[in-house]
Amino acid sequence: MSFSWAKAYEPKSSFMRWLDDRLPLPRLVYGAIGGGYPVPRNLNYFWNFGVLAGIFLTIQIVSGIVLAMHYFATTGGAFNSVNQLIMRDVNAGWLLRYAHMNGASFFFIVTYIHIFRGLYYGSYKAPRELVWMLGLVIYLLMMATAFMGYVLPWGQMSYWGAQVITGFFSAFPLIGEPLRVWLLGGYAPDQAALTRFFSLHYLLPFVIAAVVILHIWALHIPGSSNPTGVDVKSEKDTLPFHPFYTAKDGWFAAAVLLAYALVTYFAPDYLGHPDNYIPANPLATPAHIVPEWYFWPFYAILRSFTVDFILPAKLWGVLAMFGSILLLFFLPWVDKSPVRSGAYRPVFKRFFWLLVVDVIILGYVGGAEINAFNVALGQAAAAYYFLHFLVILPLVSAFETPLPLPNSISESVLHGEAAESAPAGSNKSARNTVVAG
Amino acid sequence: MATKAQSAEVNDTQAASDGVRRRDFLNVAAVSFAGVGGVAALAPLLVQMAPSADVLALSTTEIDVSKIQPGQGIKTTWRKQPVFVRNLTPKEIQQANAVPMSDLRDPESLAQRTKPGKANWLITLGVCTHLGCVPLGIGEGENRGPYGGYFCPCHGSAYDTAARIRQGPAPKNLMVPEYKFTGPTTVQIG
């Protein structure tokens, strides 16, 4: 699909030839994830996480469809259908439910690593801008799906999570409150909200699957990026996806699934919140209300605004929280450096790791109790998050002198690290090629 | 028929010189009409999301306040939302009236937030105007926060004895629902 040396599909049996002539599905699969897709030969393990995200999406869809067969979407029945029926009475129900709960967390873990891989190696840069943006669309859909799924057990955290998150919309002037009431189908989360969340929670994963197909399609036009960020130049730079990367993805998936199984079996509630084992009570808010861990950094940004400044603090918090993700859509144009890989960008690299630390701090603050120190820490970290993308990144890409790039992927692989910091002559031509690419 | 077809042809050629043929008009009209129909078909898909009749039917609640002593309060529900009914003590009323309007984020006097002659009956929604948590302070022994009214544990908003926002991220005072005293000790909310 992407390179002239990509092998075309050759049917091995008369039946496959018959099928290929009528419906070239085997040809599509062969070109997408088979021997017909040439991949840079120097991918490191950070390139395994896209496939892993696909695996966890599949696990979530399969376990979710089965759980939906036993779940009651009623305010009176939801809590018991999860905690009594599924967790105790349904055969293997406890396993499916814990697999679904922790599958969501692992889906986010591998997705976050996948996103930070893209940030470090400049995977969002031309010609992969749409790959990046479709990825962000998937991420937003994942957040919506995860939120609505968390409401379904109708425990205390479910209920108050629904109340607080739909409350975001009431921050907007004039239309805010009517919009919130319209979204909930009532004045507080109730039967109407629960039923529509269930319907959408079932629908959205399939929308995600569709956007994943677009994401992969867009990726396969230029082909996968790689740790040097240097474009593929010849067949020597690539390996066929199958069997090389199917094997590498395969064993690594087994390793990650082992970690997933360990958590699911031995610490199934570690990533959840105990208050969600209390049935929803619309008259009492839990003392310490927090979303699931994967939303903590955004929750910290939301809580960072405590004083009114032109607009109400509440609206600032909501705008900043949505803005923190929306600005990532503009990243390909914010970071103008022609060098993709952070490995060749000494200044960028330092700020990248600062950003990682910053997001971890935001995550800590978002999950911690509110006190003066945590609020101040969260405000500093939230400010730095925006500073990184809006100020530091454009400045770094304008003033940084990148390290010399290797001439080609195969050269960087076959001659080792020494050749990567090659003499001035070869490095000049390499950089020119990158600019041209 | 022939003449009709001929005249149509003539019309078409005349129109063609203006750049718009009858066929173009028909196409635009047909697609526009289908577009209007398509948009109209969205209406039920949108309005079905709004509160249904059974939810709206819960829009009045009657409560008996005779058993609430000064300094006490009760929590009830209206439209599935918590409502705080509090019988303020003279000291709490005095505290609320002593606050200058310029100190308030959402300036309202206690008199504006209660009924004439019933300044001790403070009836508000128990829904924090930040993100909708239920503030503490209506039950006995609960944390009433630094201003002696209500305190929201979610994000730290503090309300005073007239349930006005004084500190924290919430933008507005606790909402006073529409209500009236239907008798000396009975209140109808909604």
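I count two residues as in contact if their C-beta atoms, placed from the backbone, lie within 7 Å. I am working from a predicted model.

**Entry 1: helix H8 of chain A**

I looked up H8(A), residues 176-184. Its buried residues are A:Val181, A:Leu183 and A:Leu184. On which side of the helix do they lie? They span an arc of only 160° around the axis, so they sit on the same side of H8(A). I then checked what these buried residues pack against. Their partners are two helices of chain A, H7 (156-167) and H9 (191-220). I also looked just past the end of H8(A). There A:Gly185 has a positive phi of about 70°.

**Entry 2: H11 against H15 in chain A**

Next I took H11(A), residues 296-303, and H15(A), residues 372-399. Their axes come within 9 Å and cross at roughly 105°. Angles of 65 to 115 degrees count as roughly perpendicular. H11(A) and H15(A) are therefore roughly perpendicular to each other. Which residues make the contact? From H11(A) I noted A:Ala300, A:Ile301 and A:Arg303. From H15(A) I noted A:Gly378, A:Ala381 and A:Ala382. By class, I find four nonpolar residues, one polar and one charged in this contact.

**Entry 3: the sheet in chain B**

I moved to chain B and found an open sheet of three strands. The order is E2-E3-E4, and the pairing is antiparallel. E2 (73-78) and E4 (121-125) stand at the edges. Each has a single partner strand, so one side of each lacks a neighbour in the sheet. On average, neighbouring strands are turned by 20° against each other, direction ignored. I followed E2(B) into E3(B), residues 81-87. These two strands pair over six bridges in the antiparallel sense. In one of the pairs, B:Trp78 has B:Gln81 of E3(B) as its bridge partner.

**Entry 4: B:Thr77**

I picked B:Thr77, which lies in strand E2 of chain B. Is this residue buried, exposed or partly exposed? B:Thr77 counts as partly exposed, because it has 16 C-beta neighbours inside 10 Å. I set aside neighbours within four places in sequence and listed the contacts of B:Thr77. They are B:Thr61, B:Pro82 and B:Val83. I also checked B:Phe25, 52 residues from B:Thr77 along the chain. The C-alpha atoms of B:Thr77 and B:Phe25 are separated by 59 Å.

**Entry 5: where the chains touch**

Last, I looked at the contact between chain A and chain B. Chain A gives 26 residues and chain B gives 21 residues. I sorted the chain B side by class. It has twelve nonpolar, six polar and three charged residues.

Note on methods. Residues are numbered from 1 along each chain as its sequence is written. Chains are lettered from A and ligands numbered from 1 in the order in which they are written. This is a predicted model: local features need pLDDT of at least 70, side-chain atom pairs count only at pLDDT 80 or more; totals for chains, interfaces and linings use all residues. Ala, Val, Leu, Ile, Met, Phe, Trp, Tyr, Cys and Pro count as nonpolar, Asp, Glu, Lys and Arg as charged, and the others, Gly among them, as polar. A residue is buried if 20 or more other C-beta atoms lie within 10 Å of its own, exposed if 12 or fewer, and partly exposed in between; C-beta atoms are placed from the backbone. Helices (H or I, at least four residues) and strands (E, at least two) are DSSP runs, numbered from the N terminus. The arc is that of the directions from the helix axis to the C-beta atoms. Two strands pair if DSSP finds at least two bridges between them. Axes are lines fitted to C-alpha atoms, for helices over the stretch in contact, and angles run from 0 to 180 degrees between N-to-C directions. Angles under 35 degrees count as roughly parallel, over 145 as roughly antiparallel, 65 to 115 as roughly perpendicular and the rest as oblique.
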